Amino acid sequence: MMSNWKKNFLIVGLLTGAVAAPLALRDTDSDGIDQADLRLDVITPHTETLRREFGEAFSAYWEERSGDSVYVNFLVPGGTSECVRVIGNGFEAAAELGKVGCGIDVFFGGGAYDFAIQAKQGRFEKLRIFETRSDLFKEGGIPPTLSGETFYDPEHRWVGSVLSSFGICYNTDLLLERGLPEPVSWDDLGDPGYIHGIALADTTKSSSVTKSFEMLVQQKIQEELSLAPPEEKWDRVVSRGWKASMNLIQRIGANARYFTDSSAKIPRDVAQGNAVAGMCIDFYGRTTSETVKKQDGSSRLQYIMPAGGSSISVDPVAVLKGAPHPELAQAFVEFVLSREGQMLWAAPPGTVPGPKYRALRRLPIRPDLYRGKFLDAMIDGEAMPFEAAKKFSYDRKLTGHLFSPLRTIIRVMCIDSHTEMKAAWAALIKADFPPEATARFHDVSAVAYELAGGSIKASLKTSKVEAVKLMNQLGGFFRENYKEARRLAEEGL
């Protein structure tokens, strides 16, 4: 057993790391941190452009309101998963010493799924805005749910700050070179014409890309449910839709040029011609399109939300339990949902209210802004997200419980076995997809719907050791399948 002094030393070390995180992870451009009267520590996966706009705008807002200057110290460990890991480590280290908190004030950005988990673990304070601005949540205001997605926590521990959809970014020049039409659906990305041309992110590192894949799965299952005869059993139809989605994910994965750790890299690489298309969250696609726009207003990078292929969800914001600066933290949330904060997302640069430096190209969560002068001031106001949300209804019971298993399944099915997968895919294309080889390539029996929600999910929750054993087992299954599919294809079978 570990001696007490060693255990205490380890705990103190972890706690010190958690407390030091606000300094160690802060933005490199932090010259004003020592001159400001106050500091607000915000952990976020958001981009530098967005951090700059919100940091400076909130600082001006607070100084006008209180007379004190504040420096918004953004902590950027990576994507949402890395933010969650830092928060979790901080809370666990503090708990060992009987303390509460992780030394950080606000968690800003990411997906509702990760925020819901953190809320259940008791890591968020209740938000004051539900009392100070209760009008925002009355009829005609921010809805609690929309098309199956949750827009704020029922217990008021987090709230959506901006709307998000998921779709496809693509390079029009490269599509022309390959003779491919512009994509309109998730299925298009599985076309052999995209071989070596798809940019994807590691689902265990990116919540937004996992959510994109979940939208694809939802659409495939719902398509099967809409076509199935009424007498067919529900679970049988859902399992068939799940298999169809897994096979499409295999084809998209086989077309992938790489799997990056950062979903923000996807549209940049597509814009630069390093990939033909990729799956991304809407604002990454739109903001990157903005950066490569020509003088005539055209852009080689375009973004589309597949028709009926994505819900409208939210990026939340929350105040962390034990926040060192609780008043500032609550005020930050209130600012984000103010008209000034909301128009930072949507208006052109240089407008008031709006961003100073660069268009963020995102859609506000407040329905009252989608009319009159505020709608007129939005760059992408024609998207009318509250109308678009009616075309897709997210059914939580279909895949909501499978978010973590889906991350792991895509990892073992497409990423860990990518070398074997690509070789098999190339052989299948060359042989014009002979039936036996194609069937072997698409064997997903080891990750069937009932297993994903049963033994796979249970193993992932049991322990890290069990999770690693499971991943090794499933990885071996797919590697062998792809090797055999390649052999069969080369033999024309």
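Analyst: A crossing of two helices is right-handed if the near helix is turned clockwise from the far one by less than a right angle. In this predicted model, helix α8 passes helix α16 in a right-handed crossing.

User: Why is α8 called oblique to α16?

Analyst: Helix α8 (residues 234-255) and helix α16 (residues 403-415) pack at an angle of about 50°, with their axes 10 Å apart. Angles under 35 degrees count as roughly parallel, and roughly perpendicular begins at 65. The angle falls between these ranges, and therefore α8 is oblique to α16.

User: Which residues make the contact, and what are their classes?

Analyst: Helix α8 contributes W242, M246, I249, Q250 and G253, while α16 contributes L406, I409, I410, M413 and C414. By class, the contact has 8 nonpolar, 2 polar and no charged residues.

User: What makes C169 and C280 count as buried?

Analyst: Buried means under 20% relative accessible area. C169 has 0% and C280 has 1%, so both count as buried.

User: How do you know that N481 is buried?

Analyst: The relative accessibility of N481 is 3%, which is under the 20% limit, so N481 counts as buried. N481 is found in helix α20 (residues 464-490). Not counting residues up to four places away in sequence, N481 touches R440 and D443.

Note on methods
Residues are numbered from 1 along each chain as its sequence is written. This is a predicted model: local features need pLDDT of at least 70, side-chain atom pairs count only at pLDDT 80 or more; totals for chains, interfaces and linings use all residues. Side-chain values use heavy atoms; hydrogens and water are left out. Helices (H or I, at least four residues) and strands (E, at least two) are DSSP runs, numbered from the N terminus. Buried means under 20% relative accessible area, exposed over 50%, partly exposed in between (1.4 Å probe, protein chains only). Contact means heavy atoms within 4.5 Å. Axes are lines fitted to C-alpha atoms, for helices over the stretch in contact, and angles run from 0 to 180 degrees between N-to-C directions. Angles under 35 degrees count as roughly parallel, over 145 as roughly antiparallel, 65 to 115 as roughly perpendicular and the rest as oblique. Ala, Val, Leu, Ile, Met, Phe, Trp, Tyr, Cys and Pro count as nonpolar, Asp, Glu, Lys and Arg as charged, and the others, Gly among them, as polar.
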